[in-house]
Amino acid sequence: MSDCDLGLDRSALCRCPDVSRTTAQTPLPRIGATHYSGGMRAITISSPGDPEVLQVTDEPTPDIAADEVLVRVHAAGVNRADLLQRRGFYDPPPGATTIPGLEISGTIVSLGADVTGWSVGDRVAALLSGGGYAEFVPVPAGQLLPVPDGFDLTEAAALPEVLSTVWSNIVGRGHVEAGEWLLVHGGGSGIGTAAIQIANHLGVKIVVTVGSERKAEFCRNLGADAVINYRDEDFVERVREICIHEDGTTGADVILDIIGAKYLERNIKALNTDGRLVIIGMQGGTKTEINLGWLMQPRKSVSATTLRARPKEQKIAIVAEVADRLWPGVINGDIRPIIHETVPLSEAARAHQMLEDGANIGKVLLIVDEEGDKG
Ligand SMILES: NC(=O)c1ccc[n+]([C@@H]2O[C@H](COP(=O)([O-])OP(=O)(O)OC[C@H]3O[C@@H](n4cnc5c(N)ncnc54)[C@H](OP(=O)(O)O)[C@@H]3O)[C@@H](O)[C@H]2O)c1
């Protein structure tokens, strides 16, 4: 069957040579029995649909630009955004590969001409705009985080996307401060489990919502100050009981929301005066109506953003802040990668199904380099 029969746009999948990109400058290792420096295994999406549309294909090994490094991928994080992309609801930003995968860990195998401060052989984690479900991925050097000796290279793949997302939204947009109350929906998610630890690290008080006692217990043990089961309790009422301020006011100072339209009115009601609602997911729909009066008098604000669509310069700035403010907490064990399960790259469909089913607590990782960490 040809690529055309599959409805696959090969021109979009391949990183065709262009003047700004150079071929990898260090000879690439031979990968397994059938893969050579000219090609790599990757997961591609045959057509929008269920997890089964994820297939292992041979793709050209990507070239790198002068400000990029080529990373041999060890493990890749699976994010809910990948599920949306697979279904055809979340296109990669312009210029990004259609291979899914927003974060990886691995080893640098080649450096672009302008890259300084990194060496071939360095163990790294990286935030991507795509391309992580593959044996090799080009990464702007500013989107790399160093993985020190002794830190598990597999686990490092669980961190770049969640740390960057939580940091840039609760601090960058929500301006949360030590001593304030943060409400995070989906406490058992990859995002939620990171947010609990980041809040503790920053001295922020955190309440999370979950849909099961299994996830509630996990979040309590991880360090959530309070947990609300949204299936049994009214989260607005509970937040107003839990988040009590010295001046007698009640409500969350910042909310990190992944539900969108379905929760908008209730989120606004759960905010304290001067509260900030930051929406990063739309699992509960995109359209609803609000009364602007709910925001005006109590000076509440609502914003929404997605990390993947941000320009490279913003991603680099966010990763620099994560390296400065959160990475020391990762190294000293304050902020741990929470891994639900690791799955071979060839079983990417099964990994997606776990997130579809809501079975995971924390992250599901794809093991790309099944021969292990050779860093
Ligand atoms: N905008 C951005 O830049 C950005 C970046 C990363 C992630 N995100 C978004 O963040 C969310 C989490 O991502 P992830 O990769 O960590 O996904 P994930 O691990 O699959 O988690 C999804 C979570 O949604 C929770 N959930 C479902 N319905 C809920 C409800 N009514 N109330 C509260 N929680 C509910 C589930 O918890 P229960 O099983 O307990 O119901 C589950 O833990 C996704 O919506 C994703 O799109 C956005």
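## Around helix α7

What covers the buried residues of α7? The cover includes β10 (181-185), β11, β12, β13 (252-257) and α8 (261-270). The helix itself spans residues 235-242, and its buried residues are Phe235, Arg238 and Val239. They cover an arc of only 100 degrees around the axis, which puts them on the same side of α7.

A few terms, before going on. A residue is buried if 20 or more other C-beta atoms lie within 10 Å of its own, exposed if 12 or fewer, and partly exposed in between, with C-beta atoms placed from the backbone. Helices (H or I, at least four residues) and strands (E, at least two) are DSSP runs, numbered from the N terminus. The arc is that of the directions from the helix axis to the C-beta atoms.

## The model as a whole

Keep in mind that this is a predicted model: local features need pLDDT of at least 70, side-chain atom pairs count only at pLDDT 80 or more, and totals for chains, interfaces and linings use all residues. Residues are numbered from 1 along each chain as its sequence is written.

The chain has 12 helices and 17 strands. It runs to 375 residues, of which 47% count as buried. Two residues are in contact if their C-beta atoms, placed from the backbone, lie within 7 Å. Take the contacts with a separation of 6 or more: 68% of them join residues 24 or more positions apart.

## Helix α6 and Lys215

Now to α6, residues 213-222, where Lys215, Ala216, Phe218, Cys219 and Leu222 are buried. Seen down the axis, these buried residues fall within an arc of 165 degrees, so they line one face of the helix. They pack against α5 (190-202), β11 (205-210) and β12 (226-229). On the face turned away from the buried side sit the exposed residues Glu213, Arg214 and Asn221.

How many other C-beta atoms lie within 10 Å of lysine 215? There are 23, so lysine 215 counts as buried. Leaving out residues up to four places away in sequence, lysine 215 touches Gly187, Gly188, Val210 and Ile361.

## The shell around the ligand

The ligand is surrounded by 28 residues, the closest being Gly186, Ser189, Gly190, Gly211 and Gly281. Two or more shell residues come from each of α2 (80-87), α4 (160-173), α5 and β11.

By class, the shell has nine nonpolar, 16 polar and three charged residues. Here Ala, Val, Leu, Ile, Met, Phe, Trp, Tyr, Cys and Pro count as nonpolar, Asp, Glu, Lys and Arg as charged, and the others, Gly among them, as polar. Domain 1 (10-159 + 337-367) and domain 2 (162-304) each give at least three residues to the shell; the domain bounds come from an automatic or database domain assignment.

## Strand β17

Strand β17 covers residues 363-367, and four of its five residues are buried, so it is largely enclosed by the rest of the structure. Which strand pairs with β17 in the parallel sense? That is β16 (residues 339-344), over five bridges, with glutamate 341 partnering valine 364 of β17. Strand β5 (residues 68-78) pairs with β17 in the antiparallel sense over four bridges, and alanine 76 stands opposite leucine 366. Two strands count as paired if DSSP finds at least two bridges between them.

## Positive phi and one glycine

Most residues other than glycine have a negative phi. Aspartate 274 has a positive one, near 70 degrees, and lies in strand β14 (residues 271-279). Aspartate 274 is exposed, with 12 other C-beta atoms within 10 Å. Arginine 299 has a positive phi as well, near 55 degrees, and belongs to the loop between α9 (293-296) and β15 (301-304). Arginine 299 has 11 C-beta neighbours inside 10 Å, so it counts as exposed.

Glycine 172 is found in helix α4 and is partly exposed, with 17 other C-beta atoms within 10 Å. Its C-alpha atom is separated by 8.8 Å from that of isoleucine 318, 146 residues apart along the chain.

Key. Near = placed C-beta within 6 Å.
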